[in-house]
Amino acid sequence: MATNNCLCLSSLLLLLAGHPGLCFYLPGLAPVNFCNPEKGSSCQSQIQLFVNRLDSVESVIPYEYDAFDFCIDKDEKRPSENLGQVLFGERIESSPYKFTFKKNEICATVCSKSYDLSKDGDRSKLTFLKKGIMQLYQHHWIVDNMPVTWCFPGEENHQFCIPGFPIGCAAGPDSQENVYGCPKNLKSNKENTLYLFNHVDLTITYHDGDGENWEGARLVAAKLVPKSVKHPSKEPLTCVGPPMEIIDGKTGKFDVTYTYSIKFEKDNSIKWVSRWDYILDSMPQTNIQWFSITNSLVIVLFLSGMVAMIMLRTLHRDIARYNQIDSSEDAQDEFGWKLVHGDIFRPPKKGMLLSVFLGQGTQIFIMTFITLFLACLGFLSPANRGALMTCAVVLWVLLGTPAGYVSARMYKTFGGEKWKTNVLLTALLCPGIVFVDFFLMNLILWVKGSSAAIPFGTLVAILAMWIGISVPLTFIGAYFGFKGRPVEHPVRTNQIPRQVPTQSFFTKPLPGILMGGILPFGCIFIQLFFILNSIWSHQMYYMFGFLFLVFIILLITTSEATVLLCYFHLCTEDYHWWWRSFLTSSFTSVYLFIYAVHYFFSKLQIAGMASTFLYFGYTLIMVLIFFLFTGTIGFFACYWFVRKIYSVVKVD
């Protein structure tokens, strides 16, 4: 785990020297030692292969392994799943693929399936399997908590390894290139001939413990090559022959035999702690990530320079000039942001809603910061499946107290008196919207028979955590918030509101809000691409050090952009800054939604109304969370700025 910390620390300190891929590893569970069965020692000799859900880049709907009528384990075992795995729809179960350490096998039979096309049940099973091949569904196998990868040559002879392989492929007469899993020489005289991958050549690499302080060997890699083989009806099987084509029609029989070959290879150059490296090194993301960080840092430096110029030059000059005004004649010549000192802290309209948003945004901010920090230190790596989501949900539930406190304190500062309504809205409004959206998405998955459909018992447990833990903690925080005194402001508020002068086009609220979200979004859009890839294209996301650094840069950029625009509006004597500061920074979420729409149409091949509805349903949840998070950051940055400048100027 200490090795994973290296990326986080190097990112935070901006030590850009050296190849970052050599700087960290993904920690998994405790290592398992394997040895030959004849040794009779305490280490294991049997290797169990587990299977996970099957997913596709053309559909948001995943399915369990059993849904496609593959070979199943008669003594099926399911490892205990945490909350994050259930929410992500992971369904890990044991498979009939069982191996003995160092025992090579050639063309071993797993099981056989026979389909009578004259029977509706068998024909529907085969139709569902063919639909899965056409939609590019993938297997996801696990050996010793490590994904079994399919490696193939990519651009410039660079080996590309992915943690999964297709269940089959489609080929036609014009197949000049690889058609997602089909060999280049595999052609057919018919359009979209479907071939089933019913054989795999497995290679398991191990690190021998000879000379080490542990006994046996440890698995460091698991690779396979899927093949389509039409086996003869009689044994012995050789796993050599024409491909297995899935037939059409309503009569006849279709028989398929699933087989595998396995060999073990020794490689002591690969350490157990770095066994994920060959997967991560094949993903060409690191250079782009450094470009993203550089791009974000340039934006931060630009904004910091602008803010520094305002704070050190313009503001210093303004404050010095305002404090030197003694006579009433000079006071009449006042202009700029000092003129609105009597209205700057006038409570905003819809202060109840703003305080609720601020409370929820604070809860999300603390949750995100702690989660990313722990992930940066390696505690929530992808090797520890579901840990990231579990941590985020548990933290959100336990952080109801600061949400209630901030909401109540700000509402009281705004002069609000309906404290019961404030507490209830803080505890129920935004979480309720997310829960209803999530429930509708889950209903669609349940109708489709997807593995991602959350069981009813889990939904009840989540609801119980929300109502039974988060809501009471929100009430506790609100109690202390209302019990305390309102925030004292450095200047008094006049009884009669000042009229706001006519504003130019660029100082009106809408153009400022539109401009405010551009720079923060510019800091995150490259990182956002990889996050969306990990969610919708099922690619592994592991660079939490980069993500944490971009998170810090986003905080700085959002704060500085909001402060900058807030100062410009105050200089035009427009004192309506409460909602504007929140919306200026939260408008980044609108650009996030626009990018998600662009990503859907340009990068994904998702088809079907259900998948489209699921994509945008989950995207709206992400946009709402980002709206509350960025809006809260911008508001409190602007609030601190306004309090600071009006506390150092003399006001008669």
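Strand β5 (residues 141–143) runs antiparallel to β6, the two being joined by two bridges, where strands are DSSP E runs of at least two residues, numbered from the N terminus, and pairing takes at least two DSSP bridges. Across this pairing, Val143 faces Met146 of β6. The model is a predicted one, with pLDDT of at least 70 required for local features and 80 or more for side-chain atom pairs, while totals for chains, interfaces and linings use all residues. Residues are numbered from 1 along each chain as its sequence is written, and side-chain values use heavy atoms, leaving out hydrogens and water.

Now for the charges. Counting a salt bridge as a side-chain nitrogen of Lys or Arg within 4 Å of a carboxyl oxygen of Asp or Glu, the total is 14. One of these joins Arg78 to Glu93 at 3.0 Å, N to O. Arg78 sits in the loop between β1 and α2 and Glu93 in strand β2, so this contact ties together parts 15 residues apart in sequence. Glu93 is buried at 1% relative accessibility, whereas Arg78 is partly exposed at 39% (buried is under 20% relative accessible area, exposed over 50%, partly exposed in between, with a 1.4 Å probe and protein chains only). Both belong to a salt-bridge network that also takes in Glu64 and Glu76.

Asp120 and Arg123 make another salt bridge, their closest N and O atoms 2.6 Å apart. Both lie in helix α3 (residues 120–134), three residues apart, or about one turn; helices are DSSP runs of H or I with at least four residues.

On the aromatic side, the structure holds 60 pairs, defined by Phe, Tyr or Trp (six-membered) ring centres within 6.5 Å, with planes under 30 degrees apart called stacked, over 60 edge-to-face and the rest tilted. Trp536 and Tyr615 make a tilted pair, since their centres are 4.8 Å apart and their planes at 50 degrees. Trp536 comes from helix α13 (residues 518–536) and Tyr615 from helix α17 (residues 609–647), so the pair ties together parts 79 residues apart in sequence. Trp536 is buried at 9% relative accessibility, and Tyr615 is buried too, at 0%. Ring pairs also bring both into a cluster whose members include Phe438, Phe593 and Tyr618.
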